[in-house]
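I set out to record what could be looked up in this model. The entries follow in the order in which I made them.

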Amino acid sequence: AGDIQAEVAQLKARLALLGVVAEIQSAEADGRRFHRVRIGPIDDLDKLNRLRARLRQNRIEFMLIPVAE
């Protein structure tokens, strides 16, 4: 589990070097522990598109998750 935590922390640090503030969220599901690095929410479409382009340029995989209001 330490390797996963190090990997998640490393991704958060990579994002910080790109000027992107992120947080690590952990959860349990089906008896397993999951970690994700979360950015946002972002409500400005232009800002979101610029961020998506920056993540792609740096080969950082991402998933958009709509936030219900």
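In which sense do strand β1 and strand β2 pair, and over how many bridges? I note first that the model is a predicted one. I found that β1, residues 23-29, and β2, residues 32-38, pair in the antiparallel sense, and I recorded seven bridges for the pair.

I then looked at the turn. β1 and β2 form a hairpin with two residues between them. Within that turn, D30 has a positive phi of about 55 degrees. For A29, I noted R32 in β2 as the bridge partner.

Next I turned to helix α2. The helix covers residues 45-57, 13 residues in total. From first C-alpha to last I noted a reach of 18 Å, close to the 18 Å expected at 1.5 Å a residue.

Which residues of α2 are buried? I listed L48, L51 and L55. Viewed down the axis of α2, these buried residues fall within an arc of 65 degrees, so they line one face of the helix. On the face turned away from the buried side I found the exposed residues D46, R50 and Q57.

I checked both ends of α2. Just after the helix, R59 takes a positive phi of about 55 degrees.

Lastly I looked up the largest nonpolar core. Its six residues are L15, V20, A22, L51, L55 and I60. Setting aside neighbours within four places in sequence, I found L55 in contact with L15, I39, I60 and F62.

Key: Residues numbered from 1 in each chain as written. Predicted model: local features only at pLDDT ≥ 70, side-chain atom pairs only at ≥ 80, totals over all residues. Heavy atoms only, no water. Core = buried A, V, L, I, M, F, W, Y, C linked by side-chain atoms within 4.5 Å. Buried < 20%, exposed > 50% of the residue type's maximum accessible area, 1.4 Å probe, protein only. Contact = heavy atoms within 4.5 Å. Helix = DSSP H or I, 4+ residues; strand = E, 2+ residues; numbered from the N terminus. Expected span 1.5 Å × (residues − 1). Arc of directions from axis to C-beta. Pairing = 2+ DSSP bridges.
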